[in-house]
Amino acid sequence: MTTTTNSTGSGPRRGFLFDGNESKYELWEVKFLGYMRLQKLYKVFVRDASEKDPPDASTQAGAFAKLVQCLDDRSLSLVIRDARDDGKKALEVLRQHYQGKGKPRIDICDSDIAESFATALRNAEEAISDALLIAMVLKGLPREYDTFATVVVQREKQMTFAEFKSALRSQEESAKTHGGKAASAGENIMLTKQKFDGNCFKCGRKGHKSAECWSKTSERWCSNCKSKTHETKNCRKKKDAAKTAAEKRMSSENNEHTFAFTSKDTINKSCINNKSNSSLLVGTGATNHIINDKSKFVDFDKEFNPSTHVIELADGSKANVVLEKGNAKVKLYDVNGNAREVMLNSALYVPSYEQNIFSVHAATERGASISLDKQVKQLKCPDGTTFGMEQKGRLYYLNSISSSKNSACSLHEWHKILGHCNYGDVQKLENVVEGMNISNYDEVECTVCTKGKMCQFRNRSPDERVTAQLDFVHCDLAGLIDPVGRDGFKYALSFVDDYSGIIMVYFLKCKSDTPKALQQFLADAAPFGRVKRVRSDNGTEFTSHKFKSILRENRIRHETSAPYSHIKMERWKEHD
């Protein structure tokens, strides 16, 4: 505490200004509360439980004004954000900061710097949140505080900066207590790593360990790549090989997992008739075929009672998820690529399963044989028909043909399937292609088509701008004009000066009058200067012998462009 006095007689008295010394905070608080009792503001800071009505906002603001006159800049930065115009809360913030439970007697550099930074930003009328201040402090903490930083970040309730500082001091004191070291007066958590004071076993130099030695005198040898540039433990090839092996192992583990079914007590009716996976999984442990699409069943067993039928899974769980039992007909590809209809007798209808199952047990009982050798994987029926199997990881699937009911896609999806064909042609294909169904006819804007039509680069450099009027003139012919003019004019020949942008239009009865209009334009433009260059398209009215002879006589250069590529004239016509 300082002992300064105010010569004007206003403000805090001698001995009431707190200078931030933590060891003297308790004494300062006692003196300050005594001073507030003389000012009749004691009940604002220390409120009795018997009082029902709290002090009004103006009283709280007055008490806050008295308090801030007794604080230094550092203490003021603690209360100005969390307890502005609230004297009682401001004193509680100071008490928690300087006399918090488990608070060590050292300063935390990062939090003080963050407070000074936040105060400067607020003085500049810049908004800054507690989360940003906490992130600034966490960024500067050493690795020993990673666990503390993780707990702070993953908290459900956001901490205030005052709570964060108190928690950080408690963590620091706990770390020092468990470490068995007594904290010195100048110790803080931002101390840098001390330099090694011993000698290196390899090079004999002082200041580093042998594991950190990069001296060229030390002998290195890598047994993996047979090189003296590095050691085996630091070999990049070995690390890359280990990384590749780990990735292959993880990939094989993902591919070699067995298929697991989950029974569901409740069945989602929306998924009964909409199955995206219509392939048949070859199951050696299934006693019956399982189909999840009701449309594939030809008939059902009327005597079947679903309540008495229970499916037992490999994990021992039992579920009553079977709804019907009957004969189902599916389409499969044989080894020759021909589509065959196969009848699955006594198949179970289980809409809650996302995968159809082909029972090996049920097939072998009816005379079929299955081969799962390394070279041959196929199903052979009693009539001699052979069906191939496809292996995915450790599972085998029969090549089934999806039902046309499952091939319904939106108009935009068919647009992408057919190579971004236009929507009109896609809708026409629905009536002529068997099995093609469009579920949604909304014409969604295709991003791929939009980007494909964009101009990525230009194959020419832009024209140089002219520096005088009539140096460069654009001309184009528009017509036929409908309706025809009163005097029989059907065409309009326009001339645009590239420098000034002046437009001159001449109406023509036929295209053959273009040379006469050119002569008239040259005569009208003569008082303002001489035309040096004319650009037009390759229309016959501009490539005729008479048109070119007029240009040669007047020493005018003629330039031509492709149709509809004359940007200057096309923009003028669109604007007009």
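E559 is buried, at a relative accessible area of 12% (buried means under 20% relative accessible area, exposed over 50%, and partly exposed in between, using a 1.4 Å probe and protein chains only). Keep that glutamate in mind, as it comes back below. This is a predicted model, where local features need pLDDT of at least 70, side-chain atom pairs count only at pLDDT 80 or more, and totals for chains, interfaces and linings use all residues. Residues are numbered from 1 along each chain as its sequence is written, and side-chain values use heavy atoms, with hydrogens and water left out.

**The chain as a whole**

- The protein chain has 18 helices and 19 strands; these are DSSP runs numbered from the N terminus, with helices being H or I of at least four residues and strands being E of at least two.
- Of its 576 residues, 34% count as buried.
- Take the contacts (heavy atoms within 4.5 Å) between residues at least 6 apart in sequence: 54% of them join residues at least 24 apart.
- The accessible surface of the protein chain is about 37500 Å², and 49% of that belongs to carbon and sulfur atoms; such areas come from the Shrake-Rupley method with a 1.4 Å probe, and for residues only the protein chains shown count as cover.

**Salt bridges**

- A search of the whole structure turns up nine salt bridges, each being a side-chain nitrogen of Lys or Arg within 4 Å of a carboxyl oxygen of Asp or Glu.
- Back to E559: R533 forms a salt bridge with it, with the closest N and O atoms 3.1 Å apart. R533 sits in strand β18 (residues 533-537) and E559 in strand β19 (residues 557-561), so this pair ties together parts 26 residues apart in sequence.
- E559 also meets R535 in a salt bridge, at 2.9 Å from N to O. R535 is in strand β18 and E559 in strand β19, so here the tied parts are 24 residues apart in sequence. Both E559 and R535 are buried.
- Put together, R533, R535, R557 and E559 are linked in a network of salt bridges.
- Elsewhere, K88 and E92 form a salt bridge with their closest N and O atoms 2.6 Å apart. Both lie in helix α5 (residues 87-99), four residues apart, or about one turn of the helix. E92 counts as partly exposed, at 36% relative accessibility.

**Aromatic rings**

- There are 15 aromatic pairs in the whole structure. Rings of Phe, Tyr and Trp (its six-membered ring) pair if their centres lie within 6.5 Å; planes under 30 degrees apart count as stacked, over 60 as edge-to-face and the rest as tilted.
- Y25 and Y98 have ring centres 5.4 Å apart and planes at 25°, so they count as stacked. Y25 is in helix α1 (residues 25-38) and Y98 in helix α5, so the pair ties together parts 73 residues apart in sequence.
- Y25 is buried at 0% relative accessibility, and Y98 is buried at 3%.
- Ring pairs link F18, Y25, W28, F32, F45 and Y98 into a cluster.

**Cysteines**

- The count of disulfides is zero, where a disulfide is a pair of cysteine sulfur atoms within 2.5 Å.
- C235 is in no disulfide, and the nearest cysteine sulfur, that of C222, is 3.6 Å away. C235 counts as buried, at 1% relative accessibility.
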